[in-house]
Amino acid sequence: MSTEPRLAEVTDPEPAQEAARGTDQAVKETLEDYTLRFAPRSYRRWTPMVVATTALGGIAYMADFSIGAGIGLAHGTGNALLSIAVAAVVIFVTGFPLAYYGARYNIDLDLITRGSGFGYFGSVITSVIFASFTFIFFALEGSIMAQGLKLGLGLPLWLGYLVSTLMVIPLVIYGMSALSKLQVWTTPVWLLLMVGPLVYLVATDPGTVDRFLAYAGTDGDGGVNTASVLLGAGVCLSLIAQIGEQIDYLRFMPPKTEANRRSWWTAVVMAGPGWVVLGALKQAIGVFLAVYIIAEVGASAAPEPIQQFKHAFDAMMPSWIVLPLAVALVVISQIKINVTNAYSGSLAWTNSFTRVTKRYPGRMVFVLVNLGFALALMEADMFSFLNSILGFYSNCAIAWVVTVATDIGINKYVLKLSPHAPEFRRGMLYAVNPVGVVSFVAASGLSIAMYFHALGDTLQPYSPVAAAVIAFVLTPLMAVVTKGRYYLRRTDDGIAEPLLDEDGNPSAVAYTCHVCRQQFERPDVAACRTHDAVVCSLCLSTDKVGDHVLPAAV
């Protein structure tokens with residue numbers, strides 16, 4: 001332990017006892033999958049490939065097909081493919097440093113955000129943005145499933161929305177242990193059902209490829225133009241926050257060593273930023289299937305994935321099996337992604353609530369909150385104005401992700417003004433760091449104004465570009481202006497043991513938290529302000545009177 005002088009013991013034990021009682025539920029519930037905290041080495045039992053497969057299972061969503069179809073129908077195939085490619089490059093480049101930090105230091109995107117320019121409370125706003133991402137896409141996937149249930153079983157849409165919401169609750173109660181099994185076992189079936197009809201159509205009717213490439217869209221003449229490409233890319237970039245869900249799995253990666261170096265990097269790249277490769281492919285398939293349906297039956301059903309795959313299956317199989325297979329694909333996809341959406345959303349809401357109120361109400365409460373928001377969006381028929389929602393949302397998501405990625409890539413490694421190892425514990429961070437908060441607010445605010453034509457119609461398509469450029473420029477500029485002084489409230493956490501081991505991995509040395517009496521590994525604890533003992537990060541978060549929180553360094 002550090003020899004740093006401690007404050008006097010408190011004479012009234014009541015605050016400490018209240019804090020201990022208040023964290024009992026939090027400790028029991030969060031130890032299943034280490035919600036809100038560092039994921040210890042003792043829990044990370046999976047191989048890199050199992051973690052990667054689990055993470056990639058979460059991107060089985062059907063929204064990509066709808067997004068691709070919507071862009072293709074509006075702007076034509078050429079503009080749509082370029083939009084998809086531009087967005088994919090941005091998502092890959094910004095997602096790489098975030099995925100690396102999540103896997104290397106075993107923390108989720110909110111904990112990364114805290115120490116990468118936003119501060120302990122400053123990252124609450126980005127947690128809410130991420131939670132919004134999860135319920136928006138839950139609603140989108142639930143709408144797609146409801147369309148499938150209506151076509152296959154005759155259920156009215158309102159009932160389909162309810163069914164698609166309620167069916168994930170039993171699955172999402174459990175953490176990583178259950179989710180890894182679900183994703184691994186369902187992925188082969190999903191891949192076969194998705195790829196099979198596409199291969200068949202291309203092989204048996206090459207003319208479908210020619211029609212696909214020549215499609216001009218409803219808003220253009222088939223020529224490529226910058227405004228159309230950027231408008232489409234803005235919709236695709238709404239998916240940039242998906243990296244947060246990937247990191248919710250990647251934080252369970254095993255330590256990186258010389259023995260597993262190749263498989264470790266393969267898993268991180270494939271399941272981190274690499275998710276966008278499959279996502280972009282699905283969006284392009286969505287354009288292809290929409291053009292195919294237009295040639296067969298007209299444009300009205302083209303954006304709906306259930307209709308896309310129904311007609312694709314119809315070309316290669318007996319009619320009696322077509323609808324069941326199409327419905328099965330939609331249901332499997334919806335379950336795979338919406339379990340992840342509900343799980344990740346509940347983490348984000350719980351994280352924000354616990355920090356602000358210093359109370360832990362239970363993650364299940366926020367599973368229901370997230371599902372309630374999603375159900376409301378579904379009942380409001382969000383599917384009919386999908387591109388407008390995603391286009392607006394992308395401005396906030398881009399500003400956030402680019403700010404954090406820039407802080408990691410530039411401020412940590414080039415300018416060296418941001419601490420290299422991520423910090424997330426209360427007491428170690430300033431409440432608000434202007435580096436990230438100012439950059440994010442400026443980038444998102446100006447880009448949203450552009451999106452709503454406040455700066456003229458000509459600049460409107462450039463709102464996602466503005467969000468990315470402003471965040472990229474302001475983040476290092478703010479670090480230089482502030483000289484990096486608002487990253488760490490103190491540099492010594494009162495424990496002599498290093499945070500990282502000789503391989504650069506988080507140390508596995510265990511300590512007992514004197515509040516909840518549970519054991520936690522070195523990165524998840526700090527010295528107590530009033531006792532010669534250590535306190536875990538969650539007990540620090542729920543400390544209502546600051547009894548255990550270390551004072552600011554002089």
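The side chain of Asp108 reaches the backbone nitrogen of Leu111 at 2.9 Å, in a model that is predicted, where local features need pLDDT of at least 70, side-chain atom pairs count only at pLDDT 80 or more, and totals for chains, interfaces and linings use all residues. Residues are numbered from 1 along each chain as its sequence is written, and side-chain values use heavy atoms, with hydrogens and water left out.

**Asp108**
- Asp108 is found in the loop between helix 4 (77-105) and helix 5 (109-118), helices being DSSP runs of H or I with at least four residues, numbered from the N terminus.
- Although buried (under 20% relative accessible area, 1.4 Å probe, protein chains only), Asp108 has no salt bridge, and Arg251, the nearest side chain of opposite charge, is 5.2 Å away; a salt bridge would need a side-chain nitrogen of Lys or Arg within 4 Å of a carboxyl oxygen of Asp or Glu.
- Leaving aside residues up to four places away in sequence, Asp108 touches Ile247, Asp248, Arg251 and Asn351, where contact means heavy atoms within 4.5 Å.

**Helix 5**
- At the start of helix 5, a side-chain oxygen of Asp108 comes to within 3.1 Å of the backbone nitrogen of Asp110.
- Helix 5 is mostly covered, with 10 of its 10 residues buried, among them Arg114 and Phe118.
- Just after helix 5, Gly119 takes a positive phi of about 90°.

**Helix 20**
- Val473 lies in helix 20 and is partly exposed, with a relative accessible area of 46%, a class that falls between under 20% (buried) and over 50% (exposed).

Methods
Helices (H or I, at least four residues) and strands (E, at least two) are DSSP runs, numbered from the N terminus. Lys and Arg count as positive and Asp and Glu as negative; His and the chain ends are not counted. A polar contact is a pair of N or O atoms within 3.5 Å; within protein, one must be able to donate a hydrogen and the other to accept it, and residues adjacent in sequence count only if both atoms are side-chain atoms.
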